[in-house]
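Welcome to this short tour. Keep your selection tool ready, and we will go from one stop to the next.

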Amino acid sequence: MKMQENLLDKGLQAHSQEHTHSPTNLFKKKRLDLVPKDFPGGIAIWGALPAVFNSSAMIDEDDGVHVHARMTIGGPKQIDETFDIVRIHIDSAESSSVYFDIDGTATANYNISTILKKNLKYLLCPSCNKVHTDIGILAVTYHTLHHCEHCGTAFLDKEPGISNSVMLLKEVCGDVLQDRIVIDPVDRRLNVKRKTFRGGMQMWGSNPAVLWTSPKFEEGGIHFHGFQKNSDLPTVDETFGTLIIDGLLLDPEMMRHLMVQKAMPFLTKYLDALVCPNCETDHFDTFDDAVNPHLIHTCEHCNCSFYAHSQEPCVSNPLIRTLKSFAV
């Protein structure tokens, strides 16, 4: 136990020093100092990932840390905004100045890892003692050889894993769950035509929060913005368990997977929407298959194996075809 406490102290110290003294952080535009106990209704934190679909004139907030904070459980949000750096002040018997800084890189890659159900931990670089965060394809691939992004040191872990600095924050905040209960609000429905929103639409897949302190269950589903022409504010801004546009039902799990896929630029040329030639059903590559292009696919409905019609490795997500029809 004493060894674990020393590891936590070491990690927090190095992490705080890194964000305090790093020259790059002097140019951050937006920063939030957050004291969780000041919001008894709960706080929730996510990494901001690009919208899966955006036909509006609004620019995506595809980098940063998105925060919700409430004074009362289920009440209005006092904070609903995206920041470059969030400094979370942590209660400590030893000192009132213990804090943890998180940025968009760590939180976005946490989201990427958890959407694909990867177990995370945190590793300290043996050279500089800073917390290491795996990003991109390494955020969804277990590995033993890690390269510190702070000092460049290569180091080995005793077992394959994925490291993210957020896991240290979760440990000191007592929120160690990665795969917590998420409720899709199936009774919250939206069934509309595209022409209803002449200013365009934005869509994201809802994913588990990096940090969640509310006693309420998290909501899943699809987060949707609908705009009227020449308006910067959406007339619809809500998370739906059932979303139907132009008669097409959108699948939240496909939306979450596509959000991960779009966050990995190397995958762009491999994305496709395949149909099984045997049962003529849409094929959906999930989890590891969703980020590893492959030539032979196995239908999840009839178990038939088939080649991609392009005869080139790809990953299949039926939502790609649906969203292309919305863009026309």
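Start by selecting Met203, Phe224, Leu243, Ile245, Leu250, Leu319 and Leu323: these have the most contacts inside the largest nonpolar core, which has 37 residues. Such a core is a set of buried Ala, Val, Leu, Ile, Met, Phe, Trp, Tyr and Cys residues joined through side-chain atoms within 4.5 Å, where buried means under 20% relative accessible area (1.4 Å probe, protein chains only). Now colour the elements that each supply at least two residues of this core, among them α2 (104-115), β14 (200-205), α4 (252-262) and α6 (319-327). Helices (H or I, at least four residues) and strands (E, at least two) are DSSP runs, numbered from the N terminus. The largest share, five residues, comes from α4.

A word on the model: it is predicted, so local features need pLDDT of at least 70 and side-chain atom pairs count only at pLDDT 80 or more, while totals for chains, interfaces and linings use all residues. Residues are numbered from 1 along each chain as its sequence is written, and side-chain values use heavy atoms, with hydrogens and water left out.

Next, show the strands β3-β14-β17-β18, in that order: they form an open sheet with antiparallel pairing (two strands pair if DSSP finds at least two bridges between them). β3 (53-54) and β18 are the edges, each with a single partner strand, so one side of each has no neighbour in the sheet. Zoom in on β17 and β18, which run antiparallel and are joined by five bridges. Here Ile222 is opposite Phe240 in β18.

Conventions. Buried < 20%, exposed > 50% of the residue type's maximum accessible area, 1.4 Å probe, protein only.
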